[in-house]
Amino acid sequence: MYQYDAYDHRLVRERVAQFRGQVVRRLKGDLTEEEFRPLRLMNGLYLQLHAYMLRVAVPYGTLSSEQLRMLARIARKYDKGYGHFTTRQNIQYNWLNLEDVPDLLADLASVEMHAIQTSGNCIRNVTADQYAGVSADEIEDPRIYAEIIRQWSTLHPEFSFLPRKFKIAVTGAPKDRAAVRVHDIGLQMRRNEKGEAGFEVLVGGGLGRTPIIAKTIRPFLPKRDLLSYLEAILRVYNQLGRRDNLHKARIKILVQSVGAERFTEMVEAEWQHLRDGALELPAETIAHIRAFFAAPAYETLEAKVPAFEAKRFEDRVFSEWCRTNLAPHKVPGYAIVNISLKATGEAPGDASAEQMETVADLAERHSFGELRVTHAQNLVLPHVKLADVFAVWQALAAAGLASANIGLITDTITCPGLDYCNLANARSIPVAQQISERFEALERQHDIGDLKIKISGCINACGHHHVGHIGLLGVDKKGEEFYQITLGGDAEEKASIGDIVGPAFAREKAVDAVETIVETYLARRQNGERFLDTYRRLGLAPFKEQLYDAR
Amino acid sequence: MTRQVITANRLRDGDVVYLAENGRWTPWLDEASVAETAAEAEAFMKIAEESEAACDVIGIYGMPVEGERLEPVSTRERIRAKGPTTRTDLGKQAEPDFAKRA
Ligand code: SF4
């Protein structure tokens with residue numbers, strides 16, 4: 001894992017001290033709320049419905065056991081004993097006192113964490129594939145480049161006041177687990193004809209009010225040019241992005257209005273001034289960062305572990321959990337263990353302090369002290385010996401963390417919605433809870449197969465509803481909660497924006513509507529088709545018919 | 001005019017509060033002062049603005065209420081007045097004082 005150098009330490013410590021002073025001045029009245037608000041937002045501190053909310057950055061979703069233990073401690077000491085993992089691989093605390101926040105930030109700094117650039121119109125925390133470094137299909141560990149981008153973008157003076165927020169995602173594998181096509185910039189590692197690794201650069205993706213799939217502006221960018229090219233993109237955006245209209249300020253609108261071709265020309269022209277300059281990444285710099293992400297000391301193991309196979313054979317519940325929650329590891333004898341934060345009836349992405357501690361202990365004992373946060377609001381133990389998997393599962397089960405539903409219909413992505421969020425139109429969590437209850441039977445979930453439901457409480461789309469196979473968007477109709485349903489969205493390599501199925505459904509009808517959609521799929525699917533395949537083949541019509549005409 | 005109360009969040013801890021008698025802020029909606037007329041609402045707002053300037057609260061606004069027991073009209077305000085519907089062990093609804101008032 002990356003470790004702070006003296007510069008990182010100083011920067012974070014100084015920021016804590018500055019914020020401490022700002023809070024004191026605010027409470028004394030030396031700063032007005034108008035003056036203080038941008039300062040607190042720069043440190044990830046929002047005011048939500050019930051209290052202050054702090055968003056803590058988890059860079060590219062990687063955490064150490066020690067860090068997760070600190071997150072648990074913070075949940076207990078300053079909050080109400082839990083935290084919420086978000087679609088940006090971050091964690092949020094919901095119940096903070098303003099006065100406590102400087103101490104909280106100091107605690108975070110002690111484990112090399114902070115909340116800088118988790119809000120505001122700047123380059124936000126860079127996200128990455130949660131299987132970085134361990135999946136077999138990977139060209140290179142994307143975290144090396146995510147970390148390089150983090151260093152370049154942190155307090156970047158030119159890009160601290162962009163027209164709007166800016167999100168970058170990186171994946172090192174052809175399988176897109178980081179939703180790079182719905183980010184302001186998506187970087188997908190590729191090899192050129194010579195076999196050299198570099199990036200396909202995608203720009204202008206995003207969800208929210210105007211959902212757009214990113215366009216490729218460069219099919220291959222050599223690694224040494226990464227920062228100069230990003231700088232060129234950001235410069236063009238910083239200059240031409242619309243600052244006059246909040247709804248048109250994201251880079252996607254700029255790319256859309258000038259066209260991807262013209263945008264590319266502008267970036268390339270800007271890049272001519274920047275390339276081969278101070279931002280060039282020499283191989284040694286990359287090697288220096290790469291060393292932080294070196295593979296842990298794996299043992300040489302057999303790929304088949306009879307004791308593990310025997311347990312799978314004997315214990316049906318364990319076997320079912322293995323089926324969905326394990327992913328193949330690139331090293332023989334190891335597995336990637338996914339920990340679902342989607343237990344039936346619970347709030348998706350929430351974890352109690354005790355659960356965090358359990359996971360931190362398991363990571364320490366069984367995963368080289370390392371774990372990941374996924375954009376689907378789950379956790380991952382990236383390197384577990386197959387021989388240890390059964391013990392890990394037992395410990396997870398004892399902590400209420402052994403839901404066997406990764407990738408299934410109850411593994412929803414769900415934003416906090418109106419239960420917490422100041423911007424919400426409708427609640428999200430109760431809908432997810434109802435779905436998890438309605439479809440609780442595992443056999444049925446497996447029969448339905450790969451189906452991603454994503455729920456947002458408003459058009460800001462933090463719950464990624466546009467790219468859910470089934471998406472639900474909370475809307476407010478005269479003070480009542482309604483849900484607009486979209487079908488056929490996808491955040492992976494063949495990314496697509498879902499189609500609105502028709503008029504929104506009242507709250508009591510929303511989950512029935514989801515069930516109708518699922519039943520329609522089950523009735524109409526052909527051999528081995530996933531929901532998305534059936535939808536792409538048939539389109540909206542049969543679903544519409546069942547949802548509206550048949551009533 | 002719809003009857004309304006003035007609500008805000010307390011600066012120090014962000015807690016949801018309502019303007020009550022003598023410019024005091026209370027966490028309990030049933031203690032809030034209710035503006036029955038536009039003139040009353042305006043007068044309350046002035047008091048609230050002074051209080052905001054004095055750094056007691058932030059984000060003041062008028063909130064419509066209905067019924068004898070001062071029920072908020074919107075779902076959003078009902079959630080602010082109680083706490084998350086998904087965690088009844090949290091927020092105002094979890095405090096012993098809340099049950100006494102219900
Ligand atoms: S989608 Fe809307 S309701 Fe949900 S967290 Fe984002 S801003 Fe809040």
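**View 1. Salt bridge between Arg262(A) and Glu265(A).** The side chains of Arg262(A) and Glu265(A) form a salt bridge with an N to O distance of 3.2 Å; a salt bridge is a side-chain nitrogen of Lys or Arg within 4 Å of a carboxyl oxygen of Asp or Glu. This is a predicted model, in which local features need pLDDT of at least 70 and side-chain atom pairs count only at pLDDT 80 or more, while totals for chains, interfaces and linings use all residues. Residues are numbered from 1 along each chain as its sequence is written, chains are lettered from A and ligands numbered from 1 in the order in which they are written, and side-chain values use heavy atoms, with hydrogens and water left out. Both residues belong to helix H8 (residues 260-274) of chain A and are 3 residues apart, about one turn of the helix. Helices (H or I, at least four residues) and strands (E, at least two) are DSSP runs, numbered from the N terminus. Arg262(A) is partly exposed, at 42% relative accessibility, and Glu265(A) is partly exposed at 44%. Buried means under 20% relative accessible area, exposed over 50%, and partly exposed in between (1.4 Å probe, protein chains only).

**View 2. Salt bridge between Arg275(A) and Asp276(A).** The closest N and O atoms of this pair are 3.9 Å apart. Arg275(A) counts as partly exposed because its relative accessibility is 30%. Elsewhere, salt bridges with shared partners link Lys175(A), Asp450(A), Lys452(A), Glu492(A), Arg530(A) and Asp533(A) into one network.

**View 3. Salt bridge between Arg10(A) and Glu14(A) in helix H1 of chain A.** The side chains meet at 3.0 Å, N to O. About one helical turn separates the two residues, because they are 4 residues apart in helix H1 (residues 6-28) of chain A. Glu14(A) is partly exposed, with a relative accessibility of 38%. Over all chains, the structure holds 60 salt bridges.

**View 4. Contact between chain B and chain A.** In this view, 21 residues of chain B contact 27 residues of chain A, contact meaning heavy atoms within 4.5 Å. About 2,100 Å² is buried between chain B and chain A, and carbon and sulfur atoms give 58% of that area. Buried area is the accessible area (1.4 Å probe) that two parts lose on being put together, summed over both. Between the two chains there is 1 salt bridge. Arg12(B) and Glu99(A) form a salt bridge, their closest N and O atoms lying 2.6 Å apart. On the side of chain B that touches chain A, strand S1 (4-10) and helix H2 (75-82) of chain B are the elements that give two or more residues. H2(B) supplies the largest share of that side, 4 residues.
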